[in-house]
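Colleague: I have not seen this one before. Can you walk me through the ligand site?
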Amino acid sequence: MQLQDLLFSQGFGTRRVCAGLIQQGHVSVAGETVADATADFEPAGLLFRVDGVEWQYHERAYLMLHKPAGTECSRKPSAYPSIYTLLPAPLRQRPQKGAVQGVQAVGRLDQDTTGLLLLTDDGQFIHRMSSPKHHVPKVYEVTLKHAGDERQVQRLLEGVTLEDDPRPVRAAACELAGEKQLRLTLTEGKYHQVKRMVAAVGNRVEALHRSKIGGLALPADLLPGQWRWLGPADLDTLRP
Ligand code: URA
């Protein structure tokens, strides 16, 4: 693949901007500046630097982000900064079918919810992970306002009705993890679902953190606001 096309595919700007970056000496491969925008490289796994910052070629982008509190999962946030401001520009500018689209969050977390959020530029992956048919379990660590009890846990497991749907929604798993701590697993993602389910059993969510999606746990060393690429082994843990 020509270096200008390779940079373009990774979100470094239009083909013309990418050609300019290369011709002006901003891009190096294996420690050597490459000034020929049409130079050919095998893209798989290629490491390159743009203005000294190392990048690895990824045909598709799959990432995890530790979403901090006080951020919105929207490109046009209304009150808080967007999670997309936490990502480097190339990830926000990756082209998709010719248009600049960047990676997108797989589902949304509320502004005050923290924890594991996946992002990708693979539309089929978003569809698969979000589809209720696939039942991908998501684990939430819930801090309650009032002490939780076994009766609340049983009701969450048996199912509660929310005002917009007569069908009961139930937790796939639920356990007390402390006096005011609940660990709740859901396989669907309705609007404010955890908060509404907890309210339906007479308690209230004080803080909400997503710790796991499928078999993928938020790594302890990924701090709020940090992101990382998902590798093939991570993606395997997400398969139903
Ligand atoms: N349920 C909620 O209520 N909020 C979230 O952010 C995620 C699940």
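This is a predicted model: local features need pLDDT of at least 70, side-chain atom pairs count only at pLDDT 80 or more; totals for chains, interfaces and linings use all residues.

Modeller: Residues are numbered from 1 along each chain as its sequence is written, and side-chain values use heavy atoms, with hydrogens and water left out.

Colleague: Which residues are around the ligand?

Modeller: Leu109, Asp110, Thr113, Tyr140, His192, Gln193, Val194, Lys195 and Leu208, counting a residue if one of its heavy atoms lies within 4 Å.

Colleague: What lies 2.7 Å from a nitrogen atom of the ligand?

Modeller: An N or O atom in the side chain of Asp110. A polar contact here is a pair of N or O atoms within 3.5 Å.

Colleague: And the backbone of His192 and Lys195?

Modeller: A backbone N or O atom of His192 is 3.3 Å from a ligand oxygen. For Lys195, a polar backbone atom lies 3.1 Å from an oxygen atom of the ligand.

Colleague: How much of the ligand does the protein bury?

Modeller: The protein buries 95% of the 240 Å² that the ligand exposes when taken alone, by the Shrake-Rupley method with a 1.4 Å probe.

Definitions and conventions: A polar contact is a pair of N or O atoms within 3.5 Å; within protein, one must be able to donate a hydrogen and the other to accept it, and residues adjacent in sequence count only if both atoms are side-chain atoms.
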